[in-house]
Every structure is written in C-alpha cells, then in structure tokens.
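Here is a brief report on the model shown below. It takes the record's annotations before the overall fold.

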Amino acid sequence: MKKRQVLAKTYLLLVLIILYIPIFYLIYFSFSSGKDMNQFKSFTWAHYQALFQDNRLLAIFLETILLALLSSLIATVIGTMGALAISMVRKKSQQKVLLSLNNVLMVSPDVIIGASFLIFFTALGIGLNFGSVLLSHIAFSIPIVVLMVLPRLNEFDYALVDAARDLGASSYQVFTKVMLPALIPGIATGLFMALTYSLDDFAVTFFVTGNGFSTLSVEIYSRARQGIDLEVNALSTVMFLFVLLLVGIYYFITARKNKKTRKGLGGLIK
Amino acid sequence: MEEQATGASACSYFCKMDIIQLKHINKRYDDGFIALKDINLKIESGKFYSLLGPSGSGKSTILRIIAGFTQPTEGEVWFDGKNITDLDPAKRQINTVFQNYALFPHLNVFENVAFGLKIKKLPLSQIKPKVKDALHMVRLDGYANREISELSGGQQQRVAIARAIVNEPKVLLLDESLSALDKRLRKEMQFELRAIQKKLGITFIFVTHDQEEALSMSDEIFVLNDGKIQQNGSPVDIYDEPINDFVARFIGESNLLPGRMIQDYEVEFANHHFQCADAGMKANEKVEVVIRPEDLDIVAPEKGKLVATAQTQLFLGDHFEIKAIDTDENEWLIHSTNGCQLNERIGLYFDPEDIHVMRQHESQADFDARLESYEGEESNDE
Amino acid sequence: MNNKKARAFFMVPYLMWIILFVILPILLILWYSLTDANHHFTLSNFALFFKNGTFLKMMLNSFWYAFLITIITLVISYPTAYFLTKIKNQQIWLLLIILPTWINLLLKAYAFIGILGNNGLVNKFLHLFGLGPVNILFTDFAFIFVATYIEIPFMILPIYNAIKEINPAVIQASEDLGASKWQTFRYVLWPLSWPGVESGIQAIFIPSLSLFMLTRLIGGNRVITLGTAIEEYFMTTMNWNMGATIGVVLIFLMIVVMLLTGKKAKRKKVKL
C-alpha cells in the first residue's frame, strides 16, 4: 500500500517536473542580463522595463483580450440559440444531421479551418483584419457552446414549462424565467470554453489575419522566428502570474460555491 | 489449484470441519478508526452463515478480510487448515458476490460468468458447459448473449452469483447482496439462495443489515456491533435468547425494560415481581428485561399480570399492533390477533419463559459460562 | 404555433453559421482544389499530389509522426492518469497538471528553442556525462518531443476521468475471480478506460497534424508534414489551389480514419 503511494508520487512528480521545466526555464532567463537562454549573466529587471514600455505589445495584449471577450460572448449567444433550435427539432434524423454539421469544426485540424476561412473571406471580399479574425473566432467557438448547452436541454424537465404556463407565464416569461436559469451552468461552461479557445488559438488566426491586426500568439510566433528575445521571456513570466491569479480566483469561487460537486476542474481544459 | 483432502466432501457431511477460522483479528484504519476488535470465529463447511449488524458494525470488514481485499492489522485468517492471512485474493478458493454486483459492464453475461475460468486458461470447450450449468443454477438459461445493461436488478444479481459459483469456490461470500432489490424480489432470492447453497453444499457467508433476511436463511448468525461479535448462534437462539440489549433491540421488535434480579428465577420490573426462567445473577443485580410483542396477550384487566391503557392501534393485516401504557408509565408494544378499543383498560399476560432477563453488556463468552454452570438443572429453552 | 416561431427565431442565426462557416468553406476548399490559378477546372493538382513522391512521402510522414506523438503521449499519460486516481489531494495534482496548458503554446515552443539548443539545458545535462553537444534543435525528433510535451495534459485528463468512473468493486471482482494484476489491467481496467483513451487519441491525433508552427520553430523550418505544407502553399508560395488540394486529401484521410476507429466491433455470439 505505502510502496505504491511512493511510486505513484515519484512518477507524478517526474511528469510535473517535465511539464514545468520549460515554463520556469523561461522565467529564469527573463532575469538574465544576457542575450540568450544559455548562460545566466547577472540579475536584471531590464526586460521587464522593456516589456512595459513596448506599446505595440501592450496594445496587442489588450486587443487579444478584447477579441476573446467579444468572440466568446457572441459565440455563446448564437451557440445557445443553436442548442435550443436543435432541441426543438422533432425528427431524430434531422437532429443528427445538425449535430454532425455542428461537429465538423470540432474535429477539423486548425490548418484546414484557417485555410478554408482564408479562402472564404477572400471570396467574399472581406478584408483581413480585426473583423475577419473576430468572425473566425466566433465561428470556431460556436460548436463547443452548443455541445455544452445541449446536455442541459436534454435533461430539462419540460413539465416545468407546463407548470409555468399553468401559473400564467407568457412564452417569453417561460423562456427567461424557467428555461434560461436551468441552462445557465451549461452556458457558463460554454462561454468559458469559447474564451479559452479564442485565447489559445494560433493557427486559425495566423491564416486569417492581415497586416493591421495581430494577436499575442501570432506576435510571439513572429518574434520567436527571429530568434531569442528575452522580452518574450518577461512576457511569459507576466502571463504565468496572470494565469495563476485567474486559477486562484476560479478556485476560490468554486471552492466556496460547490464544496460537494467536485466536477469543477474538468471545465478548465478544452 | 491444489486438490487437497480427497475426503473433504465426505467430511463435510460427517465431521464438522472448520473451513475458515479467524483468530484474534483486529483492524485499525489509517485514520484511526477501529473497525474490528479481537474477532474470533469459526466457519464450518457446508453451512449458511450470516454476519448481521448495522452499518459500521464491521461485518463488511470481516468479509473483506476473508476475501483478502483488506489486511487485518493483527490476527490470522485460516482457510482449510492453512494460514492465508497474507495470500492474494486472486489465490484464495473463495469468491465474492459484491454489493452492487460489480459485473463487468464491457462484457456480456457469458463473458462475465466465464471470466474466472478464462483467467485459469481453461479451453472454451470446458468453459461452455460450466457456464451453462452455472446459468442454469441461477435460472438464467438462454441469457448468455445478453448485455449486462439489458438485465434487471434481479437478473444482474443472478449473473453475479453464477460468475462466483462457476469457479467452484469452497466458500461464497455475499456482501449485502440482496439490499438493492425490491421487497418481493428479495424474498424470492432468499429462497433461491438457500436452495443454491443446499444444492452446492458449500459454505455461504452472507453479510446483511436486515435481521429478517438473516433469520430466514441462516444456519448460524453472527450479530455484530461496534467491531465486536455480540452473539452467535442459530436464528432461534438469537431471537429467543438475546444476550444483551443491543441484540434484543436489533433482532425483532421488543419491549425492553430496566429491572432488578431478586433471586434466581425471580425478577422485578414495572414495579411488580415476576417469576422467570433465568438464573445465575447476583441478588439485586440490575438487569434488563425483554418481552417480545407477540408474547404479550391481551386479557381482561383483572386477569392480566400488568394493567395498561391502549394508546394507538394499527391493523397490519395479520395482526394488530397496539401501543399501551401501563400503570408504571412504561410503554408496551403488543402484537395481537385481537384488537381493542382506544383508551380501553387492558390486561397484559405473559408466561415466565416469555421474560428474557439479560445482564447489561454481557459478552457471548460470559453468557456461555453462566449457562454452563446452570446446565442440567433446567434448560433455558421451552 | 408559438413553438414554430421560437424555433425559427433560434434556428436562423445558427443555420446562417452552418451555411457560411461550415458548408461554404468546405465547398470553397473543394472548389479551389479542382481549379487552377485562373479558375478553370482541372485535376492537375491531384495528379501532381499523387504522382509526386514528395507529397506521398510527406503524407506518410504526417501520419507516422501523428501516430508516434499519440503513442508516446499515451504511454506517458496512462500511468500518470492511473496514479492520479490513487493519490491523495487529487484536485491539487490535477490543477498542477492542467495549469501548463493555460500558458500559450507558442511560449512553450519558444522555451524549447533555448532548452534544446546547442548550449541549452539538455546539452548541458548531457555534458555532465561527457556526452554531446548533440544537435537536437531543428530535427524531426525535436518536433515529436515538443509536440508530445504539449499534448500530455490533454491525454491525461480524459483517461483520468474514465478511470475515475470505473467502479472499484469491478477491479476487486476481477482479483476475486483469480486474475493477476496484469490480467486485471488487460481484461478489465484497459477496456473500461478505453473511452477515455479514445477521446485522448482524438484530442491529439488530428490536431497534431496541424502543428506547423512547431515544425517552423523547432523542426528546423522544413516542410515535413501536411499541415506545414498547407501553410507553406497558402502563406508563402501563395499557390492556394495546391494548398487546398492537400487540405482535401487531409480531410479525406481524416474521414477514413474516423470511420475506421468509430466502428464498434460486433461481439461473437456463443452457443451453449
């Protein structure tokens, strides 16, 4: 019994070390006064100073967040509507077709999505800028929202609708006061997933963005292609702290909200 | 499998052989919880045993120790004359029917039942007839190709039994195996389990918290509470002669009153002196008195040994359940085929042998010793 | 009646999305693959793909690498997921494993430029044993290594959830019926955790075909997978028709793979 715990812990620790080495490697060299990630020269804040004076990077950072918020919100609205529409379709075969179409973007490789969207925007004469990126992010986030909301709808007890009607609620009231509240957990997870999809995306954005607009991922890529830039290391540290903060907040909220339901973390990963 | 004792099967009929013996078993969990305290028990081959007790009494822990899933903190487990305390569950000639059946959801009925035989690398030609027999035994002929998810609870239960008995274990452990079934099905399975056990002639050890179940099926019952064996004996012994208040309360319904032993065969309770059948206690010793509700008869007030007022009455089909309060403010539960009027003054009558006098917290060993010293003089049983 | 109106109201934007962003892009990429630069119908793109050995080799390479990445990830992740279900404070461990996935993929890839470099961490480590320096960066090995690193958490999680859902009594039942540890794994644990393994494979195999940024940053800027080839044709050489052709082939292969893996094996009936 005890021996197995030790073995389990050792193995898990090893995996964790491997998972974290790159991150701490970046952070470590962000304080080095050198020019590369080979030799730690002397301690310096210089890269952080450069980072916070880099207006271009800061603008991109804010734009990335704005993009994520906007795209996930719109995707959540359309996705929720889609889930409602699918659940209202009576024929099982039609439902299946809709669901299959819904899942096409879920299973497609990012390069295919990016390339086909690029063709699409060009064919329609839509310029490659913030608009095209926003549309793309909305498009690839919709299916995950549908998939998160749909199970809630299938669990939904339609006797509640009758009950509400019986008590004099209008269709609109039934929808806003009875159905939506029951769907909220699914909608929230969907929103959260859409947010991470958008923040995480590189490949699709890379295809559909033009000269005028860039996200953090694309910016890091283009800088990394030019070689080591310790300002990027400083950026890593900031982002790592940012993620820690978010996780901390998330943990604090869920720990208080649902001490019993231990499903919370599953939603953290796409 | 080593084939031992060619005379084993003959022995199970003629001599009483202990197939399992637990010696001074203690179990303490990592969190400090003490599940078992010095458990000693002997299980003979070919009998139906029940481990009966409330949840947390340690009955399931005993079963898990016998199966090998749990290691005792101290003590030894003997099987067929060998110490198997450290033996892997896979190597014990004991099989288990799990609480919620624990059937393999990815396998169908045939594959579930055949699992143990396939593990032993038996050829399919030998597996098939054995599985067929086992399914026949549990009356599931023709179900071999069904998926587990297609079966009802009762059928899953039968598959679980078939999966265990197909390996021809010497002992079958059943962990609360009927508790998930509804009442009617449970009754049916009780009869069937007993019939299967008789047919196979192997030992069944059945864990349950349902006293009715234990009473109706077992040759012998171990009543457990608080990690200790409170009493063991035949169902009749345990019902008629509970040795302490826990057993009295747990087995059947009972009227339990504090009392005082005046002398041998005379006890005082409810402010009256009564003749009784118990002896061997100190004079004036404080005792507890049990009278079963069905041993109380309703008679005219002047004919009763006690006088009481009926408070509530429920008709339960084959008898009335009446609650009454006597002149000493004790509440009495009466099961009687005759009803009475509410607030009617009634007499309660009972025979001396209906009074069961118990010492407080007497253990089985002490009880046996006391009984022995009075043996011969008069039997405690009627 | 009301229901119909509501359905139409909900359906319109969703259907618009399906038509514009699901069906139309597929048709467009198909159209591009079947035309030349002057929008004339042609099969020459496909002819080029299947005649030219480099494309076929690249195709095999892509699937071979995706396969390797998936298998290595699985081998590392399965025990991790299994041990996770056995340990105390699982939520904390799980959080620690998920956390790195929240760091931008490009940053992690960038880190490996330093780690795998000639004077990087790995070579410094090898130097302790008197080895190296070994040229790791800009090799196919580096690509597989980093891709595996990135995918590990995505494999651990579904497997962990699948194992967690297995009733522990079933494992005990297996031991009770005489199965050894290995037999219990082979006949009970593995088949019951298979749904998790399957979703892990799905989460890794197809996306790993698109990791062109890794081949660019770590794999030495060479075009070694179909994903990189598509990116090359669309973004560098601007031959969209050829790029679309490769895309169509990739889509076709994906469908084949999915059909093959999606099929459930029919169980043999036994006669008693």
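## Annotated spans and fold

The UniProt annotation "transmembrane region" comes from an unreviewed entry and covers residues 12-34, 63-85, 92-113 and 239-261 of chain C. The model itself is predicted.

| Span | Helix | Strand | Distance between end C-alpha atoms |
|---|---|---|---|
| Residues 12-34 of chain C | 96% helix | 0% strand | 31 Å |
| Residues 63-85 of chain C | 100% helix | 0% strand | 32 Å |

Chain A carries an annotation too. UniProt, again in an unreviewed entry, places "domain: ABC transmembrane type-1" at residues 61-250 of chain A. What is the helix content of residues 61-250 of chain A, and how far apart are the end C-alpha atoms? The span is 84% helix and 0% strand. Its end C-alpha atoms lie 21 Å apart.

Now chain A as a whole. Chain A has 11 helices and 0 strands. Along the sequence, the pattern reads α-α-α-α-α-α-α-α-α-α-α. Taken along the principal axes, the C-alpha atoms of chain A fill a box of roughly 75 × 65 × 30 Å.

Of the 270 residues in chain A, 37% are buried. Which share of the contacts in chain A with a separation of 6 or more comes from residues 24 or more positions apart? Such residues account for 76% of those contacts.

Technical notes
Residues are numbered from 1 along each chain as its sequence is written. Chains are lettered from A and ligands numbered from 1 in the order in which they are written. This is a predicted model: local features need pLDDT of at least 70, side-chain atom pairs count only at pLDDT 80 or more; totals for chains, interfaces and linings use all residues. Helices (H or I, at least four residues) and strands (E, at least two) are DSSP runs, numbered from the N terminus. A residue is buried if 20 or more other C-beta atoms lie within 10 Å of its own, exposed if 12 or fewer, and partly exposed in between; C-beta atoms are placed from the backbone. Two residues are in contact if their C-beta atoms, placed from the backbone, lie within 7 Å. UniProt positions are given in the numbering used here, feature names are shortened, and annotations may be inferred rather than shown by experiment.
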